[in-house]
Amino acid sequence: MIGCGIDAGSRAMKVVLMEAPARRVISTARADQRPDQARLADELLERALDIAGLGRKDIGRIVGTGYGRILIPSADTTVTEITCQARGVRDLVPDVRSIVDIGGQDSKVIFLDDQGVRDFAMNDRCAAGTGQYLEMTARRLDVSLPELGRLASSSRRPAAINSLCAVFAESEIISLLAMGAATEDIAAGVFRSVTLRVAALAGLKAGPPVVFTGGAALIPGMELFLAEALDRPLTTARDPQLTAARGAALIACDQGSIS
Amino acid sequence: MRVPETMNMENSPLAHFGRMIDHCYDYAEASKAEGRPIVGIMCEYTPREVILAAGAVPVCLCGGSLETIPAAESCLPANLCPLIKSTFGYHLRRDNPFLEWSDLVVAETTCDGKKKMFETMSETRPMHILELPQKADEPDALARWTQEVRKFKSALEGRFRVRIADGELRAAVLLMNRERDLRRRLADLMARDRPPLTGRQMLEFKSIISGIAADLEQYENAIRMFEEGAAAPGSPGDRGTVPPPVRVLMTGVPMVHGAERVIELVENCGAIVVAQESCTGLKPLLENIDADPPDLLQAIAAKYYHLPCSVMTVNERRLETLRYLSARFRPEAVIELVWHACLTYDIESRQVRRCVENDLHLPYLKIETDYSPSDSARLAVRVEALIETVRERASNDPDMRKARA
């Protein structure tokens, strides 16, 4: 039996196919989100099946997760990204106690104990502290996200960016540019502001081991900024953008094995 | 087990309270025509008994509409709680008939937002402000509050040219005690393993005007029908759903008429709200007034002074209430609702979380939002994740599995 997890995030769609008995990932696919996400989910599923040399009939169960989870018609059931993220990360780091996830429009901190999710915190109606904010900054500075990461890491004097709102922060960046601030200092200021927002969600409760996930975890330098903001060491998950889809695939395998 | 009979919706008590605003409109209009004054109130601290004893009709004016908020923001700061803004929006737009009929508006010095909003409203409307002492356990605080209630009685006597005798006060106390008893008995039905109502339906059983005979009769009908085995459509008692919804205790700010989005969202995610601690739930119903005390006004004042609102410091009574409600209604999780920019509830949520996690040993989720539905999908993720967490942990724990079976 093959279990399939589809994570319809706000910025990217991710698919993970998993072999049920071994709980082994056999193929993955990802693509940027677009308006017709039901079709996108199907295309990605086909792509993942092609890679694995399998057909649709081989899939026993599909679990949808992520912000767009209710808009995936092929999913047999849906589970929130919090439960899926926790499941996927525990599979990789069994004794994980805190997960920090920075995605496209959400950032969240999940606290775990031996039984799984114990508590969680998410950002409110606001893009500060999310991937959107980083993308906006990259656009303003006319660099790619990986370049933004490298710039931020090279700064010696991060600019102070105080706005609690991504829209106001954009104005702040424009002012900083107008005053001749170095792009690396602006980038570092933004990284610091994003990671401090996320650290505020975690409060003082993020016990070790801390694992970093989400699309933002792919950006070079982000891990160091986050560790500094949280004031504790952390590790970035393997394939950090795929962990929620992995968790969904694991749940699909569990559910498929029962029925 | 006997299969419960689904409540007929056409003439049911639930349908009666579904038309609550219309009934109150007719009642207030008729009362006005009879010469009874209308007194607008905006907080549970207002002693309704004194207003009733003056022959007046107390009407709750708390705004639950998103529509009136833009008007309010032309005058008040945008970063203010939606309840205050909505109420004030009606004031500016002059489109709440109950406020327009009000011969007097009564308010208290509770939170700063309300206090200053009342002050602004009083520029154009007759208003009486009761000063609420805010140290809940200060020995002389009750005496001070009783004095405020006495001054309020004199103010009503002067304004409406009536004398409020102890006989009228006692009658009002008995009437309000009866209403509180009935509403508490209804709320108690939610303690069942399979409650005969949803939390959203329970929230319907209230009125912005207290003491209307027809309402009291319908509360009684409802209790009788539910005790005889009826269940409201969609309730756990009606559906016998497997698995049963997760039992949730809601605490925090009130969900006034029109502002029920969050409880609907919570119950759509697989929960049943078995108890509501807020001012639109059980908080005002848990204590009655002694009808034969040496000093009636003091007895009235004491009941109201005991309300555990977050404006009080230290508000230990709220935590006691939560412990009591948790033992009585057996929730599996606690969800706290905080209206955006409600500073006192927001800050106090820290103590509530601590009480829920350390004393009740339950998962806790805080929802901070306003009247706009724009964040509903995001809030649903949190509530669903909470429900998943409760279910997953229950399935890992054999004792809890048995309790949920």
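Predicted model: local features only at pLDDT ≥ 70, side-chain atom pairs only at ≥ 80, totals over all residues.
**Stop 1: chain B as a whole**

Select chain B. Chain B holds 18 helices and 10 strands. Its C-alpha trace spans about 65 × 45 × 45 Å along the principal axes. Buried residues make up 50% of the chain. Now consider contacts in chain B between residues at least 6 apart in sequence: 72% of these join residues at least 24 apart.

**Stop 2: the nonpolar cores**

Stay in chain B and pick B:Val59, B:Val248, B:Val266 and B:Ile300. In the largest nonpolar core, of 175 residues, these four touch the most other members. Then jump to chain A and select residues 183–202. This is helix α6 of chain A, and it supplies the largest share of that core, 9 residues. A separate core has 34 residues, including A:Ala8, A:Met13, A:Ala75 and A:Ala244.

Zoom in on B:Val248. Which residues is B:Val248 in contact with, leaving aside neighbours within four places in sequence? Look for B:Val266, B:Ala271, B:Ile272, B:Val273 and B:Val274, then B:Pro331, B:Ala333 and B:Ile335.

**Stop 3**

Select residues 166–178 of chain A, helix α5. The helix has 13 residues and reaches 18 Å from its first C-alpha to its last, close to the 18 Å expected. Colour A:Ala166, A:Ala169, A:Ile173 and A:Leu176: these are the buried residues of α5(A). They cover an arc of only 60° around the axis, so they sit on the same side of the helix. Elements covering them include α3 (131–141) and α6 of chain A. Turn to the other side of α5(A). There A:Val167, A:Ser171, A:Ile174, A:Ser175 and A:Ala178 are exposed. Just after the helix, find A:Gly180, with a positive phi of about 85°.

**Stop 4: the open sheet in chain A**

Show the strands of chain A. Five of them form an open sheet in the order β8-β7-β6-β9-β10, with mixed pairing. Which strands are at the edges? They are β8 (116–122) and β10 (235–236), and each pairs on one side only. Next select β9, residues 210–213. It runs parallel to β10(A), and 2 bridges join the two strands. Click A:Val211 to see A:Thr235 of β10(A) standing opposite.

**Stop 5: where the chains touch**

Show both chains. Here 13 residues of chain A are in contact with 13 residues of chain B. On the chain A side, the elements giving two or more residues are α2 (81–92) and β8. Strand β8(A) gives the most, with 5 residues.

**Stop 6**

Most residues other than glycine have a negative phi, and most peptide bonds are trans.

- A:Pro209 is in the loop between α6 and β9 of chain A.
- B:Thr313 to B:Val314: this bond is also cis, with omega near -5°. B:Val314 is in the loop between α14 (296–305) and α15 (316–329) of chain B.
- A:Asp231: phi is positive, near 60°. The residue lies in the loop between α7 (222–230) and β10 of chain A.
- The loop runs between β10 and α8 (243–258) of chain A. With 19 C-beta neighbours inside 10 Å, A:Asp239 counts as partly exposed.

Technical notes:
Residues numbered from 1 in each chain as written. Chains lettered and ligands numbered in written order. Pairing = 2+ DSSP bridges. Helix = DSSP H or I, 4+ residues; strand = E, 2+ residues; numbered from the N terminus. Core = buried A, V, L, I, M, F, W, Y, C linked by C-beta atoms within 7 Å. Buried ≥ 20, exposed ≤ 12 C-beta atoms within 10 Å, placed from the backbone. Contact = placed C-beta atoms within 7 Å. Expected span 1.5 Å × (residues − 1). Arc of directions from axis to C-beta.
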